[in-house]
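Here's a quick tour of a protein chain, written for someone who would rather look at the fold than at a list of coordinates. Have a look at the model first, then we'll go through its helices and strands.

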Amino acid sequence: MGERSLLIIGAGIGGLATGCYAQANGYRTSILEMHSGPGGLCTSWTRNGYTFDGCLHNLAGSGSGSPFQKMWNELGVVPDIQMHAYTEMVRVERAAGEPLKVYADLEKLGRVLMRLSPADAGVIAELIESARKTSRFDMLGLAVTTPWERIKALTSALPLFMKYGGVTLEKFALRFKDPFLRQAFPTLMYDWPQQSLLMLLSFLAGLNHGDLGWPVGGSSALARAIERRFLSLGGEIQYHTKVKSILVEGNRAVGVTLSDGSEQRADIVVSNAYGPATIFDMLGGRYVSRSIRRYYSAPEPHRNGTSDRFWHRPHVSRRTPCDRLAARSACGDRWRNPSPPLRADFRFRPQHGAGGQMCRQSSAAYKLRAVDRSPSHAGPLPGRKGSCGPGCHRPTRETVRGD
Ligand SMILES: Cc1cc2nc3c(=O)[nH]c(=O)nc-3n(C[C@H](O)[C@H](O)[C@H](O)COP(=O)(O)OP(=O)(O)OC[C@H]3O[C@@H](n4cnc5c(N)ncnc54)[C@H](O)[C@@H]3O)c2cc1C
């Protein structure tokens, strides 16, 4: 059988990874990307010597012992990209008094919590002990382990699941007597109080192992590394190439129609674009089950830390004081909040970034970034609708090929 052709819509991390594995398995692969570069949501940029990371806080598998390492190696991310292991996960400050520094080292974290509130010794001991127990199995790594390893890990995790299954950060925080801990604890996971305590425990466990770090150079460096691997495997990427619809013959996807009206055909078409764009726009809503319709008609906000609704109804969905502060520093005076009681740390790390500076935003700023990337805001920034700005020109299509 001859080489089979594959078209992938979207050069985000999913599209690039699919392309790498397809090329490695003998497919002739072309990725169609409407933007000018790789990465999709996984993006970062530099301004005046600072690297602004609009995506990755914590990369699963950055630690050398993680089961994800094999995959990152196959995708050309390691060893090329150096991984930074955090010593601190997040910091919550207040107007006066010691901040809550959530250290990756569980012992150190226990000591900080005890110093902040000796009266909460019981809850603190339970939290640290539970994080230690979570360290014994890698919950985030389960996705890339064998079914047997998964069963073993899930069996040993069962008591924790039973105990904390329905416990959110907000709910657990009520157990602290100290008012500052009560207020700070729900913000620890991306300012998302409804996040499950189990997720925080997984993060604490991962960080304690030296995992969930940050790729030095930022999200775009990671995307560029996978793009390089894809091209070195002989793949092709067509940038500034927007897919309008998926061509279907006999209920089989056989190619795509581009926004300029031209067609491209292939044996297999994979869409790694956003779900509703693929299902309702590119396929015209012809292949929809009741559950798909229900899922997209009322998606849970913050299902994955960002809202599915960005695509259709860009907004900053929840504004805690921390959000407002982050939004203000990222976007000037768009939101004003003169005296926020809490603040998520921005983690300036002088040792990183192009000009020796590195700035990480907290979640609201990330959400704003996602808003800027939504179709209704593509091109001109919000507030400048319709005008492309001085020096702006319509991009022309560009193809990048591997050797
Ligand atoms: C703010 C934020 C923070 C995050 N933090 C983390 C983190 O710390 N750790 C972590 O692991 N993950 C994190 N994620 C999640 C992670 O970034 C995403 O899950 C991942 O990047 C999604 O990749 P993707 O390829 O599936 O989709 P996308 O990145 O959305 O890629 C889709 C691509 O398709 C292109 N496209 C869409 N429509 C068309 C079309 N019609 N024609 C051609 N091209 C098209 C788009 O331009 C885009 O490049 C974060 C996400 C966000 C938004």
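When this report says that two residues meet or touch, their C-beta atoms, placed from the backbone, lie within 7 Å. Keep in mind that what you're looking at is a predicted model.

With that in hand, take helix H3 and helix H4. Leu 106, Leu 109, Gly 110, Leu 113 and Met 114 are the H3 side of the contact, and they meet Ala 121, Ile 124, Ile 128, Ala 131 and Arg 132 in H4. Sort those residues by type and you get eight nonpolar, one polar and one charged. The axes of H3 (residues 106-116) and H4 (residues 121-135) cross at roughly 165 degrees. An angle over 145 degrees counts as roughly antiparallel, and therefore H3 and H4 are roughly antiparallel to each other. Their crossing is right-handed.

Now for another pair, helix H1 and helix H9. How do their axes cross? They do so at roughly 25 degrees, coming within 9 Å, and that makes H1 roughly parallel to H9. The crossing here is left-handed. On the H1 side, Ile 13, Leu 16, Ala 17, Gly 19, Cys 20 and Gln 23 take part, meeting Ala 223, Ile 226, Glu 227, Arg 229 and Phe 230 in H9. This contact divides into seven nonpolar, two polar and two charged residues.

| Helix pair | Residues | Axes come within | Crossing angle |
|---|---|---|---|
| H1 and H9 | 13-24 and 219-232 | 9 Å | roughly 25 degrees |
| H3 and H4 | 106-116 and 121-135 | 10 Å | roughly 165 degrees |

On to the strands. As a reminder, strands of a sheet pair through backbone hydrogen bonds, either parallel or antiparallel. Ser 5, for instance, has Arg 28 in E2 as its bridge partner.

Another open sheet is made of three strands in the order E10-E11-E12, with antiparallel pairing. Its edge strands are E10 (243-249) and E12 (263-265). Six bridges join E10 to E11 (residues 252-258), and Ser 245 stands opposite Thr 257 in E11.

There's also a hairpin worth a look. Strand E3 (residues 44-47) and strand E4 (residues 50-53) pair in the antiparallel sense over four bridges, and Arg 47 has Tyr 50 in E4 as its bridge partner. What sits between the strands of this hairpin? Two residues do, and Asn 48 takes a positive phi near 45 degrees.

Finally, step back to the whole chain. It has 13 helices and 16 strands. Of its 403 residues, 36% are buried. Among contacts with a separation of 6 or more, 63% are between residues 24 or more positions apart.

Notes
Residues numbered from 1 in each chain as written. Predicted model: local features only at pLDDT ≥ 70, side-chain atom pairs only at ≥ 80, totals over all residues. Axes fitted to C-alpha atoms, helices over the stretch in contact; angles between N-to-C directions. Parallel < 35°, antiparallel > 145°, perpendicular 65-115°, else oblique. Left-handed = near helix turned anticlockwise from the far one by under 90°. Nonpolar A, V, L, I, M, F, W, Y, C, P; charged D, E, K, R; others polar. Pairing = 2+ DSSP bridges. Buried ≥ 20, exposed ≤ 12 C-beta atoms within 10 Å, placed from the backbone.
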